[in-house]
Amino acid sequence: MTTVINVPPSLDAETIEQVLDQVAPLPRDQKVLIDARHARWASPYALTTLLTLGQTRAERAAFTGPENDDTASYWARTGFYKHAEQIFDLHGYVPRSRNGSESSVLLEITPVAKSEDVHDVVERIQQKAQAILVHELHLEPQATMRFAMTLSEACQNIVEHAQRGGWVAVQTYTWRQRLGRRVVQIAVCDAGIGFRASLESAHGRRISDRWDDGMALEDAVIRGVTRFRDPGRGQGLAGVRRFVGKWDGKLSIRSGTARIAIVPSWDEDVPLAEDLAPFPGAQIQITIPERIPPR
Amino acid sequence: MINHIDVSSVLRRTVCDLYSNLVTRPTGAAVRTEIENLLSAGRGPSLTVIDFSHVNLLDYSCADEVVAKLLLRFEGGAPAQDAYFLLRGVREDHLDAIEAALERYRLALVMQADDGALLLVGTVNDDQRRAWQALRELGRGAAEELALALGEELADAQALLVALHERRLVMRFDDTYVPLGATP
C-alpha cells in the first residue's frame with residue numbers, strides 16, 4: 001500500500017514541516033507518494049529538503065510534481081528534477097530541464113559529498129554572486145566574498161559531519177509574507193547523522209540526562225562545540241553566525257527533532273523549536289535580506 | 001634566509017591547478033604541509049613571506065589550517081625550527097578569516113599592508129603591542145634600548161622581548177631583537 005504525502009501549495013521552512021509530520025510515523029520501507037501537484041511555490045530550503053526526504057526512504061518514493069506549468073518549469077530550472085529522477089519514481093508532468101536560464105538561481109541544486117564539491121560550488125557561485133548581491137540586493141561589495149565564505153562553510157558541514165552526501169542551493173526571491181523584500185537564501189540539507197550523533201561520537205564526551213537534539217544544536221551553533229578535539233574546529237558555523245549578524249540575516253538549522261535559529265528583528269521565528277517530527281541529518285537555511293538604500 | 005611563498009601557487013601545485021580559492025580543511029592542510037616541507041629544507045633562522053595576493057577566497061576553516069596551525073608549530077620557547085612568518089597581500093575578507101583563526105588560539109602575527117605598513121594582527125595584550133610598536137620605531141634594539149624607549153624596568157622590557165620572540169613577532173639575533181619586516 002502506498003501512503004500519499006500531501007505537499008502544501010506554498011512550501012518553505014515552516015510548511016515543509018507539514019510534509020515531515022506526515023512521513024515521520026511511517027516505517028522507512030513504507031512506500032510513499034509525495035504529491036506536490038498543487039504546489040505553486042517552494043523555497044530552495046524546501047526543494048532541497050524534499051530531495052533529502054527522498055534519500056531517507058528505504059523503499060524508493062514516488063513523486064508527482066506541480067501541475068502548474070510555471071511552477072514546474074521553475075523547479076526544473078532550479079535543477080530539482082535532474083536530481084529528483086535519481087531519487088524518486090517520477091509520475092505526472094515532468095518538465096525538461098533548462099539549466100542556467102533562471103536569473104534568480106545563483107546556484108542550482110547541487111550535490112555535495114566531498115571537499116572537491118565545495119571548491120566547485122564556491123567557484124560557480126562567484127560568477128553570479130557579485131552581480132546579484134550588489135546590484136540587485138544592494139549589499140555592499142564586501143559582502144560578496146563573505147557570502148561565498150559562508151556558503152563554503154555551510155557546505156563543509158556536510159563533508160565533515162554528515163557521513164553521506166547532501167544538497168546545496170542558492171536562490172533569490174521576494175519574501176512577501178514576512179519581509180516584503182527580496183532575499184537571497186542558501187539551503188544546505190543532508191540526511192546524514194545529524195548534530196546530536198556527531199557530537200556523541202566525540203571521544204570521552206559526557207552525555208547528560210537532558211541531552212537531546214535541541215541541546216546538541218545549542219552546543220554546536222551557540223557554543224561552537226564539535227566532535228573534534230582540535231580547538232580550531234567549530235570556526236565555520238561561528239563565521240556563518242558573524243556573517244548573518246552583520247547583514248541582518250537569519251540562520252536556522254534543523255537536526256533531528258529540533259531547529260535552532262538566529263532570528264533577526266524582521267522575523268518572528270522562535271530561537272529553538274523542539275519536538276518536531278524526527279528527520280535525519282541537518283538542514284541549514286541562511287537568509288540575507290535586500291538592503292534598502294538610504295534615501 | 002628569506003623565503004617567499006605565493007600561497008596561490010602552492011594551492012595549484014599541491015591540490016588542483018584549477019583552484020584559486022583556499023577553501024575546505026583538506027585543502028588548507030595540504031597547503032600548510034607543502035609550506036612546512038619548503039621550510040624544512042632550510043637551516044638556521046628563516047623569515048617566510050606568505051603572499052595571499054593571488055588568493056581569491058579564503059574561508060575560516062582554511063585560514064585555521066594554513067595560518068593558525070602553521071604558527072602553532074613554530075611558536076613557543078623551543079620551536080622545531082627558528083622560523084618567522086610575515087603575511088602579505090591580505091585583503092579585508094582574508095583578514096576576517098585569519099583573525100578569527102588567530103583569536104581561537106590567542107595567536108598573533110605580523111602583516112604587511114600594500115603600502116608597506118607593518119600591522120600586528122591577532123591577540124596581543126597592550127604591553128606587548130606597545131613594546132612591538134616601540135621596537136618598530138627603533139628599527140632594532142636590545143632590552144636596554146627598549147626599556148629606555150618604554151620607560152620600563154630592564155627586566156620588564158626583557159620579558160616583553162622574550163614573549164614577543166616566542167610568539168614569533170620579532171626576530172632575535174643574539175641580544176638584539178628585530179621586528180619582522182625590518183632589515184636586520
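Predicted model: local features only at pLDDT ≥ 70, side-chain atom pairs only at ≥ 80, totals over all residues.
Two strands count as paired here when DSSP finds at least two bridges between them. One of the contacts can be picked out by residue: Asn6(A) has Asp35(A) in β3(A) as its bridge partner.

That pair belongs to a wider arrangement. In chain A, 4 strands make up an open sheet with parallel pairing, and the order across it is β1-β3-β5-β6. The edges are taken by β1 (3-6) and β6 (89-91) of chain A; each has a single partner strand, so one side of each is left without a neighbour in the sheet.

Turning to chain B, the count is 7 helices and 7 strands. Walking along the sequence, these elements come in the pattern β-α-α-β-α-β-α-β-β-α-α-α-β-β.

How does the overall build of chain B look? The radius of gyration of chain B is 16 Å, which agrees with the value near 16 Å for a compact globule, because that is what the rule gives for 184 residues. Along the principal axes, the C-alpha atoms of chain B fill a box of roughly 55 × 30 × 30 Å. Of the 184 residues in chain B, 45% are buried. Contacts reach across the sequence too: taking those in chain B between residues at least 6 apart, 63% join residues at least 24 apart.

Note on methods. Residues numbered from 1 in each chain as written. Chains lettered and ligands numbered in written order. Helix = DSSP H or I, 4+ residues; strand = E, 2+ residues; numbered from the N terminus. Rg over C-alpha atoms; globule rule 2.2 N^0.38 Å. Buried ≥ 20, exposed ≤ 12 C-beta atoms within 10 Å, placed from the backbone. Contact = placed C-beta atoms within 7 Å.
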